[in-house]
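Please look over the structure below. A short report on some of its features follows.

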Amino acid sequence: MREITSILEQLTFADLEQWADDRVVDRGRSYLKRVSGLRHTPEGELVAWVSGTEDYATMVRLDADGMHSWFCTCPYSGGPCKHAVAVILLAARMVKEGRNIPELDEDDDLSLILFADDEEQWEEDPDPDELPSQASPPLAKTPDSKMQKLLAAKSKEELIELVMRLIKDDPRIAQSLREEEQLVRGQVDPLVRALRKEIHRLTNEPAWRNHWNQEESVPDYSHVERQFHALFDAQYYDHLLDLGDELWRMGTEQVEASDDDGETASTIIDCLKIVLKAVPLSSLPRHRQLAWVMERLLVDEFSLLEQGEEMIKESVFTPEDWREVASIFEARLAALESPKATDYSSSFRRGAVVDRLIDIYQRAGLAENIVPLLEQEVEKCHCYQELVTHLLNSGDRDNARQWCILGFTKTLQESPGLAAGLQDRLLAMAEEEKRSDLVAAHRAQKFFRHPSIDTYRELRKSCEKIKLWPEVRERVLLFLETGSRPDLPAKTGEAGDWPLVAAEVSYPVEKKGVLSFPLYSPLLDIAILERRMDDVVSLYERAKKGRFTWGLEEKVADAVAKTHPDLSLSLWRGKVDRLIAEVKPKAYREAAGYLRKMCKVYEANGRQLEWTALLAELRRQHKAKRRLVEILDSLAGGGKKIVSL
């Protein structure tokens, strides 16, 4: 709580407006009286309820540098909300008045909503058997029972007359009666022919929706779905599989060409769910039932048979069934042509068969077949990661390492992302084996591939463990300046004086033009990290001469504000002028953020008169920009502390 109090005592309205939009801060002031239950946590957060359209749970964690984190259950997503601002303002008022902010109890509703894990917050659905029994409502009160009573009072002749009138109004009723009669009489072939014809017609209809004029053309599969249900209820499972296969094949083509927000796909999925229910009840042997679903899932690019994944997990299928399916998929894989190096689609399709076969082997109790399969297929479909995973799971670390190295070499040019993933596996293995020298070598390779402050930190951490950081740091900084890789032999063939062991894999020198040296951005980040502020200024001046300053000004200005205030003020002033020149209210508000930073520097250095003069100058230059002048006026009092509210 002491840290919260200290930050609140120093917090100004300028700080608050820099964190949140000035309009949000204004609205937050008006919500001050709506804050209730203000508490603090041991971790230094402020939490409270803030009433608006409803009661919102709000949390703010204050940061001495003004980068406050926040969370609110309100729907606002444009940055810190008025509720978060109101929480800060009330906390400041309580500090001013010397009132204590109580600590949050872990059983408080705010704690449960803001901090509880999902598993703790939401209880499992109750067991239906444990629910109190409820008597069903009397039959006479339901709409259907009322209709039944009404119809029961009519004579046979009256009912026939009623149905004939309904048929006249809606011919679909006659169709439904005929189809029902066909099923009762066992005349399924005419019904199936008609349904197949309807599927052909529907799948050839265009499927689109125009959001501008609300027009649409969406095929109506409701009759197909009803007929599928009828066939299922009448136990015509094999007929359903034939029709379902046709709907799936032709429906896939239709969905591919559709533009109706997925509505056609959704209705086809509903029809195919009935087909999938029929698969285990069909006359197909159990292993053929599995194959029927799995072969289609391989090419089901729009997930029309997504429910099939659940069906194949059913315990009714035995290891023997899965071994039969394994034979089918082994034959399917053998029939595929080996993909060419650049034929990624064929490689992907082959990989899908391999993935499915791995799953089949596991279910069939044939896990010993997995590694040989992957070794056979690894160069055809680049399944290096899967192979390494299975080798590691079986305890064969030596082979896993060799496949990582080979895979890295094979994929570096065509699939650099895959190669990077394999190097990550080598790095993880080195960490697990506590080979700190090898970890550092891999971290160096990652730095040379992607020089950044993050890869620099990781490399430093690894090298400090083996007490080689000063030597490595010197060469790494030279690399950022010149592009000369210290881990590779010199052009003359002489070995370098790189202090780390050789990594198991190595990235080649980047082609000319990929990286332009010196790399000022990481050099500046590193100088800032190491608090070498004179070097930050020197690097920036060099970058400016080479016109490599894009994206650097703000980074430099923020870093050297305390040590080189004039440079920071100059850079921020340039940003302010460019934003004002856009003549947009949004740009004015952004400019105000930089002006607030300038205000802090002026105040910290006892140069308030310069701050006042700057505001006056901007008012004179831009007196016609009413919205900007309003913002400048609000900044004039921006140094006012919020505890004075």
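## A buried glutamate and its partner

Glutamate 45 is buried, with a relative accessible area of 11%. Its salt-bridge partner is arginine 61. The closest N and O atoms of glutamate 45 and arginine 61 are 3.6 Å apart. Arginine 61 has 34% relative accessibility and counts as partly exposed. The model is a predicted one.

This pair links distant parts of the chain. Glutamate 45 sits in strand 2, while arginine 61 sits in strand 3, 16 residues apart.

## The sheet around them

Strand 2 covers residues 45-51, and strand 3 covers residues 55-61. The two run antiparallel and are joined by seven bridges. In one of these pairings, valine 50 has tyrosine 56 in strand 3 as its bridge partner. Strands of a sheet pair through backbone hydrogen bonds, either parallel or antiparallel.

Four strands make up this open sheet, in the order 1-2-3-4, with antiparallel pairing. Strand 1 (35-40) and strand 4 (69-72) are the edge strands, and each pairs on one side only. On average, neighbouring strands of this sheet are turned by 15° against each other, direction ignored. Helix 4, residues 82-96, lies across strand 1, strand 2, strand 3 and strand 4. Helix 4 runs at about 70° to strand 1.

## Cysteines without a bond

How many disulfides does a search of the whole structure find? The search finds zero. Take cysteine 72: the closest cysteine sulfur is in cysteine 74, 3.5 Å away.

Cysteine 72 is buried, at 7% relative accessibility. Cysteine 463 is also buried, at 0% relative accessibility.

Side chains of opposite charge can pair when their charged atoms come close. Arginine 201 forms a salt bridge with glutamate 205, with the closest N and O atoms 3.0 Å apart. Is arginine 201 buried, exposed or partly exposed? Arginine 201 is partly exposed, at 47% relative accessibility. Glutamate 205 is partly exposed too, at 27%.

Glutamate 320 forms a salt bridge with arginine 323, where the closest N and O atoms are 3.4 Å apart. Both residues lie in helix 16 (residues 319-335). They are three residues apart, about one turn of the helix. Glutamate 320 counts as partly exposed at 42% relative accessibility, and arginine 323 counts as partly exposed at 34%.

Some salt bridges join into a network. Arg397, Arg401, Glu432, Glu433, Arg435 and Glu504 are linked in this way.

Most residues other than glycine have a negative phi, and most peptide bonds are trans. Which residues have a positive phi of about 55° although they are not glycine? Lysine 434 is one of them, and valine 583 is another.

Lysine 434 is in the loop between helix 21 (416-432) and helix 22 (436-449). Lysine 434 is exposed, at 72% relative accessibility. Valine 583 is in the loop between helix 28 (565-580) and helix 29 (585-604). Valine 583 is exposed as well, with a relative accessible area of 51%.

The peptide bond from phenylalanine 517 to proline 518 is cis, with omega near 0°. Proline 518 is placed in the loop between helix 24 (469-482) and helix 25 (520-529).

Methods: Residues are numbered from 1 along each chain as its sequence is written. This is a predicted model: local features need pLDDT of at least 70, side-chain atom pairs count only at pLDDT 80 or more; totals for chains, interfaces and linings use all residues. Side-chain values use heavy atoms; hydrogens and water are left out. Two strands pair if DSSP finds at least two bridges between them. Axes are lines fitted to C-alpha atoms, for helices over the stretch in contact, and angles run from 0 to 180 degrees between N-to-C directions. Contact means heavy atoms within 4.5 Å. A disulfide is a pair of cysteine sulfur atoms within 2.5 Å. Buried means under 20% relative accessible area, exposed over 50%, partly exposed in between (1.4 Å probe, protein chains only). A salt bridge is a side-chain nitrogen of Lys or Arg within 4 Å of a carboxyl oxygen of Asp or Glu.
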